[in-house]
Amino acid sequence: MRSDKKFQIFSHIVLALFSLLALLPMILMLVSSFTDNNEIIKSGYSYLPKKWSVYAYEYIFSTGNSVLHAYVISVVLTVVGTCLALSITTLLAYALSKKGMPGRGILTFVVVFSMLFNGGLVPTYIIYTNVFSIKNSFLALLIPGLLMNGFNVMLMKSYFVSSIPEEILDATYIDGANEWQTFFKVVIPLSKPILATVALFAGIGYWNDWMNGYIYITKRTDLYSLQNLLNRMMQNIQYLSQSSSNIQNANVGLSAIPMASVRMAMATLGILPIVIIYPFVQNYFVKGITLGGVKG
Amino acid sequence: MKKRIRRYFPVYLMALPGLLYLFINNYMPLPGLVLAFKKFNAQKGIFGSDFVGWKNFKYLFATKDAFVITRNTILYNLAFIVINTILAVFVAVLLAEMTSRMKKIYQCLILLPYMISMVIVSYLVFGYLSSDNGFFNHTILSALGKEPINWYMEKKYWPFILVFVNAWKVTGYNCIIYLSTILGIDRGIYESAAIDGCSKWKQITKITIPMLKPTVIMMTLLAVGRIFYSDFGLFYQVPQNQGALFSVTNTIDTYVYRGLLELGNMSMSSAAGLYQSVIGFILILGANLLVRKLDPDSALF
């Protein structure tokens with residue numbers, strides 16, 4: 001028993017250290033966002049700044065600048081994207097869970113093969129820009145890559161197969177319900193955990209995505225999501241720091257680059273929704289990964 | 001048969017939006033892979049462009065880049081597999097033995113970095129490494145009386161930085177699978193071991209670790225199947241696309257991206273893309289066949 005106690009203490013110490021390590025970078029970001037900008041220039045990003053300030057947040061919320069606009073884009077994108085993604089994923093997964101459906105094997109193969117082999121960036125980019133012309137439109141943020149993936153479909157399908165007893169479905173058909181009624185009245189209510197999991201995966205995917213905007217939004221900066229805006233700012237900083245001659249060329253850019261504390265405030269706002277929502281949905285997330293087993 | 005198809009008509013209708021999306025997003029681009037054998041001409045389009053055979057590949061493999069991106073992609077993945085597995089198993093074992101309510105809080109915090117976008121991760125890293133304002137240069141190195149380091153110009157540090165950042169981000173995620181395996185082990189085994197006077201340490205090394213072995217093997221195999229793919233965000237955002245670091249940060253994914261959108265070198269880019277698709281496919285297929293032999297339930301197909 002004594003060794004047990006010692007082990008518990010050891011575990012607590014080690015896990016507390018790991019947790020702290022996970023948090024430290026975010027704490028630095030949070031503290032920096034509340035630090036006086038001159039203080040950052042003088043002594044760098046610090047955990048214990050000598051002078052605090054809420055100027056960064058005042059600046060963001062008072063100037064009504066691109067930050068709030070990008071925030072709105074991110075929120076709209078995440079809500080619309082998650083709803084669409086959840087709908088088409090659930091419908092396809094339900095269809096694939098139908099044992100008697102002719103062609104089920106082929107359709108399942110179509111989904112699985114999409115997880116194993118893909119054309120990669122170049123052909124995908126050409127299709128989306130030349131055939132569908134979605135460059136510089138909201139659709140470019142919404143559609144490429146993120147809307148549905150084989151992993152979520154298979155995850156949901158196996159949930160439907162294993163957790164919704166066929167007897168219940170049969171009983172509703174006998175009662176005269178059609179396929180859609182069965183789907184909405186029986187299947188959906190029985191599948192809340194997996195719906196929450198897939199919605200969560202999709203939502204995080206949309207909120208965090210920067211690549212679609214980076215690749216497809218080249219002119220319409222009013223369509224930038226928060227991630228794209230953050231990304232663009234970091235690029236400008238790098239561009240200027242690389243050589244001083246760039247500064248003359250980028251006078252416009254220079255005034256457009258917010259101060260160090262404002263940047264950190266923007267990044268803080270970028271993870272704020274996740275940090276707020278995450279503790280409540282963590283269980284669904286963990287369950288989803290466990291359900292997916294080693295497939296993830 | 002006809003009757004059955006009619007009976008399932010609504011179900012096909014349900015499958016339609018998803019299948020349509022897969023067709024657009026995953027299948028329509030596939031014929032474009034042929035571009036690897038062509039000299040791309042924007043006016044003529046993919047199929048009108050002139051056929052050049054293996055020329056693009058000959059050029060690609062004649063450059064130093066082909067070797068560098070393949071080496072980087074594979075070596076980083078190997079380092080990730082080894083280090084992330086050790087960390088994830090370690091954290092999972094400790095979490096599984098936790099009896100207090102703190103367990104949930106620890107898990108929550110360790111998983112949090114996984115939820116953060118790579119752009120913001122690059123801000124976090126910049127907070128430490130920035131040569132002007134970075135925490136390392138300003139606080140740590142100056143306290144030690146050392147000269148500041150221009151982190152984004154010195155490539156010798158980056159293999160370590162990237163491995164560390166990756167471990168920081170994914171350990172919480174990876175340990176979930178191991179944790180659920182451990183929690184699935186029959187507690188009776190531990191109880192009888194404890195009655196026989198087995199210490200906690202012995203229980204872990206003699207029961208938990210051996211029971212985890214199949215899961216570790218499975219996860220490793222699946223990771224090896226993906227060894228030709230890299231996390232574009234990690235290798236592009238975190239080093240901030242710095243040219244001075246390319247020789248240690250360029251992977252197949254970043255190379256394809258730069259070829260396509262920064263350098264306009266479509267031929268090289270599509271050749272490297274096909275190279276990745278084909279070898280990646282063979283590796284995933286092979287890994288899955290092995291997994292299916294060992295444990296059919298864990299196989300992808």
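Which residues is Ile120(B) in contact with, leaving aside its neighbours within four places in sequence?

**View 1. Contacts of Ile120(B) in the predicted model.** The model shown here and in the other views is predicted. With neighbours within four places in sequence left out, Ile120(B) is in contact with Leu230(A), Ala267(A), Gly270(A) and Ile271(A).

View 2. The domain assignment of chain A gives domain 1 as residues 2–57 and domain 2 as residues 64–257. Taken over C-alpha atoms, the centres of domain 1 and domain 2 of chain A are 33 Å apart.

**View 3. The contact between chain A and chain B.** Chain B brings 77 residues to the contact, and chain A brings 81 residues. On the side of chain B that touches chain A, helix α2 (residues 9–27) gives the most, with 11 residues. That side of chain B is made up of 52 nonpolar, 22 polar and three charged residues.

**View 4. The loop around Asn136(A).** Asn136(A) sits in the loop between α6 (121–131) and α7 (138–142) of chain A. Its phi is near 55°, a positive value in a residue other than glycine.

**View 5. The loop around Gln240(B).** In chain B, Gln240(B) is placed in the loop between α12 (232–236) and α13 (246–249). Gln240(B) is not a glycine, yet it has a positive phi of about 55°. There are 18 other C-beta atoms within 10 Å of Gln240(B), so this residue is partly exposed.

**View 6. The fold of chain A.** Chain A contains 16 helices and zero strands. The radius of gyration of chain A is 24 Å, well over the 19 Å that the globule rule gives for 296 residues, so chain A is more spread out than a compact globule. Along the principal axes, the C-alpha atoms of chain A fill a box of roughly 75 × 70 × 35 Å. Of the 296 residues in chain A, 42% are buried. Among contacts in chain A with a separation of 6 or more, 69% are between residues 24 or more positions apart.

**View 7. The fold of chain B.** The secondary structure of chain B consists of 15 helices and two strands. For the 301 residues of chain B the globule rule gives 19 Å; the radius of gyration is 24 Å, well over that value, so chain B is more spread out than a compact globule. The C-alpha trace of chain B spans about 80 × 75 × 35 Å along its principal axes. In chain B, 43% of the 301 residues are buried. Residues 24 or more positions apart make up 68% of the contacts in chain B with a separation of 6 or more.

Technical notes
Residues are numbered from 1 along each chain as its sequence is written. Chains are lettered from A and ligands numbered from 1 in the order in which they are written. This is a predicted model: local features need pLDDT of at least 70, side-chain atom pairs count only at pLDDT 80 or more; totals for chains, interfaces and linings use all residues. Two residues are in contact if their C-beta atoms, placed from the backbone, lie within 7 Å. Helices (H or I, at least four residues) and strands (E, at least two) are DSSP runs, numbered from the N terminus. Ala, Val, Leu, Ile, Met, Phe, Trp, Tyr, Cys and Pro count as nonpolar, Asp, Glu, Lys and Arg as charged, and the others, Gly among them, as polar. Domain bounds come from an automatic or database domain assignment. A residue is buried if 20 or more other C-beta atoms lie within 10 Å of its own, exposed if 12 or fewer, and partly exposed in between; C-beta atoms are placed from the backbone. The radius of gyration is taken over C-alpha atoms; the globule rule is 2.2 Å times the number of residues to the power 0.38.
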